[in-house]
Amino acid sequence: MKYLKTLLASALALAVSAPVAMAEWQPRKPVEFIIMAGTGGGADQIARLLQGLIEQKGLSSRPFIPINKPGGSGAEALRYMQDKAGDDHTVMMTLNSFYTTPIIQEDLGVDVTQFTPIGLMAMDTFLLWVHTDREDITDLDSYVAAVKGAGLDWKVGGTGSGQEDSVLTAMMEAAFDYEVTYIPFPGGGTVAKNLIGKQIDSTVNNPSEQLAFYEAGDSKPLVQFTGERMAAFPDVPTARELGVDIEYYMQRSVNGPPGMSAEAVEFYTDLFQTLFDSAEWQEFCVSDGLTCDGMLKGGDLASFHASQVEAHKKLIAQVGAGAITGE
Amino acid sequence: MSTRSAELLMAAGLLLLSLGLMWNVTADDLHIGWVEGRGPGAGVWPFWLSGGMALASLWTLVRWFRGATPESRNKAPYIDGQSLGLVLISFAALTVMLLLVHVVGTYIATALFLGFYMRVIGKHAWRSTVSMCVGMVLLIYFLFEWQLTKYLPKGAKAFEDGFLWIDNFRWQYLM
Amino acid sequence: MLDIATLLGAGLLQAFEPLNLMMIFVGCLAGLFIGAMPGLGSVNGVAILLPVTFLVPPTAAIIFLAALYYGAMYGGAVSSITLGIPGASTAVATVFDGRPMAQQGKADQALTAAAVASFIGGTISVVLFTLFAPPLAVFALKFGPQEEFALMVLAFATFIGLGGDDIPKTIFSILLGLVMAAVGFDIISGQPRMIFFDFVELQRGIGFLVLAIGIYGIGEMLWTLENTKGEVRIHAVSSTWKSFKKNLSHVREYLPTTALGSALGFFVGTLPAAGATPASLMSYGLTKTFAKDPDSFGKGNVSGVAAPEAANNAASTGSMLPMITLGIPGSPTTAILLGGMIIWGLRPGPLLFTDRPDFVWGLIGSMYVANFVTVALNLALIPIFVRVLAMPFTILTPIIFILCFVGVFATTDRMFDVWLMLLLGLGGYLMRKLNYPVAPAVLAIVLGPLAERSLRQSLISSRGDVMTFFERPISLTCMLLALALMIYPIWLNVRRRRAGATSGTE
């Protein structure tokens, strides 16, 4: 009984002192850092790096706790965030399934434009990779010729139907008018390994997933799907240069649930800005082939999300949800 | 209930479960056949394996009618009367504890559960009961909340605020 | 050869640097305790403590995490033996014989066997690692979906004998596990499957731990309560120097098993995507199949503890190989280690051995040292672990229930899974009372997703041609081995019957 009284008294004390504390908002409890993908993937690595940096630099009075919610291509994480509306102690590391999953799973009841945008940490890029032993393939034209020759025997590896690389694969099928067999694997690392082991013929991996094999001379990039050539791959042409209208990125942004309080948004935005500007983060961007020029935040990020949602809706309508979900 | 009737009920129940799973797969519009050039569809694995479960349950039912399994001949009560009370009360207490977690949070719920079990079922002295409860709460707090930075469920807002008020001492004075 | 010796020497020297040595010690100890908690395994330990490692140099960091990984592998056996709850999927097979041994008052012997077998497994595999890393990496690359599926078939074949004597109920249990494994999001088609009552939580699927802790924690405890009428009396064990020496003298009994399990574990561990769980199960299954007294398994045979423990530790070393040489994880834990390496600015891959020999050989050196440290710590702590068994049931039971709840919550961060655990535990208890074996369901839920995925990947890749499994040499070999393993027990039965018939006519 006495315990209960103490509890109630303390609750009261907190309620009274709350307005004073609001002047400079700080988290009162550990912050849930939701990751809408499984452990070991790109989003997970980034979230854990950021968490480590927050701790190392003492940026938050309470720790950030990374929590993976990989269920249903991020559906589980999105639903969780939606149900956390108004919560100031939850933020989420997102990737492109942030856009695609609510479009494909209509009955999920999640509108990501309602989420609170905090900061766009990086843009990841995609390249088209084949094994170095394929000496007959030297550029995009010879690639398309080889694929058309092989027909459905051409195997493209990816991380799962409905994932970013399956969208990109579907875009390529539409642009070059060929059809391939798409084989899903768990995670980009496994895809990369299966390319080197020649279980598949080509992939659209992120640079970080192929870099080790590329440097060892086991795989070669043919095209990059960026606006301009990346510094890490100066000799690889972009699809645009070759007259193919495909440009596709993977966004890595941090967002809060709908209805986060303005003070909390300010705190998190400042925190992630500090992280973005840190030497450690910028180094990571360079070594991992990420594009990190200037952090989008607030209204800019909101309109970025809105335009991306529209773009993905169009893409999915164009290639057909069936082409992405398989079968 | 005798073991014999329990065996029948269980087999029949599992048969229904298997059929329900099969229905669930078809209701989701998953392919349960061979997709040309792609191998089995998304529904093949769960549908046909559930079918296998149904057959296995049927097999058990047939064996029940023939009296082939020892359970189908066993007329002794399914759950021993003497210990039924203990099993029931343990399970009920556990369920109540988990319900309480949603209301009063992990720490109070586990302490109440441990206290109930030790004092009411185990008839241990108050002294050892209370020290065990306190020890357990401290252990969970230290290991999970502190060392492994897990935010365990805290229940309703008032209880969460109470916890945070106490937790604040750690951040202010110990870290 | 001389090269390897020089490099290894440098690596060992590095492992003995004060900071690294301290990392090994703290890592092993922390891992031991995390692994010994039901529910928490190496994955959680490594994931949770990863950010801590940004404060030290990369070599010290990976040494710390690798030591933690080892410690947790040893620790898993502790919870399997003393509480009967596998802390991680890798320790399921240890329950089969470890739990009966504890109930017979031989907990200290089982724990000693687990520690010694783990040590031998770890050491043999690190030696194999040192000698054969590069060629094995090339072999691992040849492992496509077809080979993975064939390996799964082989794994199922090895533990065909694990079920009970009631065939339809055993079949039901296996199938139930396989079907439960399919709940959630299908990565091949991108469609949600069997999302009962539209619980969005089910899209992640039913985790192995939720089922294992439900069945072995909740279900088993209820079962024990009923059968002992609350008088849970496990023979109290007093662990003395004398009993310790006696336990060590038993090592000879399970030495051959351990050596085989180690080699098998290392090999299976090096295959990407397989990991330590199938390794430990295969090791247990093979040991049982080829034992002189297969019937004594599951009733407290010390070889049944040594075989899976040797294999899972060997596999945890083995799974470092594809991580370092190919940059792909062989187990969920190495997936997080891999993430860590990338964050420290090391890029795992074919070039790491030549680019950063200090790092690679420092890690290998630390593996040797970590093995010694964990075995010493573990043996020293046995007297403390066995004291758990001396607690009265009215204290031990609620504590186990509480640990089940906190353990499940800590791994998945959802109360949903805690309730699911309770439900599955109750179901498991009711079924077990009617002689439905539960172990096959637990094993099936671990291997089910891998088996289904690799089967469908292979068939998509071959465009629906089933012959693809028999046209590739490695896959064909696995399939033939699996067939042999399935036929062997039948053949043995027939031979025994014939022998019985002839002796009868005499």
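My cut-offs for exposure first: buried is under 20% relative accessible area, exposed is over 50%, and partly exposed is in between, with a 1.4 Å probe and protein chains only. I note that this is a predicted model, where local features need pLDDT of at least 70 and side-chain atom pairs count only at pLDDT 80 or more, while totals for chains, interfaces and linings use all residues. Residues are numbered from 1 along each chain as its sequence is written, chains are lettered from A and ligands numbered from 1 in the order in which they are written, and side-chain values use heavy atoms, with hydrogens and water left out.

**Entry 1: chain B against chain C.** I looked up the contact (heavy atoms within 4.5 Å) and found 71 residues from chain B and 67 residues from chain C. The buried area, meaning accessible area (1.4 Å probe) that two parts lose on being put together, summed over both, is about 6,000 Å², and carbon and sulfur atoms give 80% of that. On the chain B side, Trp45(B), Phe91(B) and Leu98(B) lose the most area to chain C, together 11% of what that side buries.

**Entry 2: salt bridges.** I count a side-chain nitrogen of Lys or Arg within 4 Å of a carboxyl oxygen of Asp or Glu.

Which side chain does Glu71(B) meet in a salt bridge? Its partner is Lys169(C), at 3.3 Å, N to O. Glu71(B) is buried at 10% relative accessibility, and Lys169(C) is buried at 0%.

I then checked Arg170(B), which meets Asp167(B) at 3.1 Å, N to O. The two are 3 residues apart in helix H7 of chain B, so about one helical turn separates them; helices here are DSSP runs (H or I, at least four residues), numbered from the N terminus. Arg170(B) is buried at 4%, and Asp167(B) is buried at 2%. Salt bridges with shared partners also join Glu7(B), Arg63(B), Glu71(B), Asp166(C) and Lys169(C) into one network.

Arg28(A) and Asp161(B) meet too, at 3.2 Å, N to O. Arg28(A) is partly exposed at 35%, whereas Asp161(B) is buried at 10%.

**Entry 3: the core.** A nonpolar core is a set of buried Ala, Val, Leu, Ile, Met, Phe, Trp, Tyr and Cys residues joined through side-chain atoms within 4.5 Å. The largest has 312 residues, and Phe272(A) is among those that touch the most other members. Helix H17 (residues 357-387) of chain C gives the most to this core, with 17 residues.
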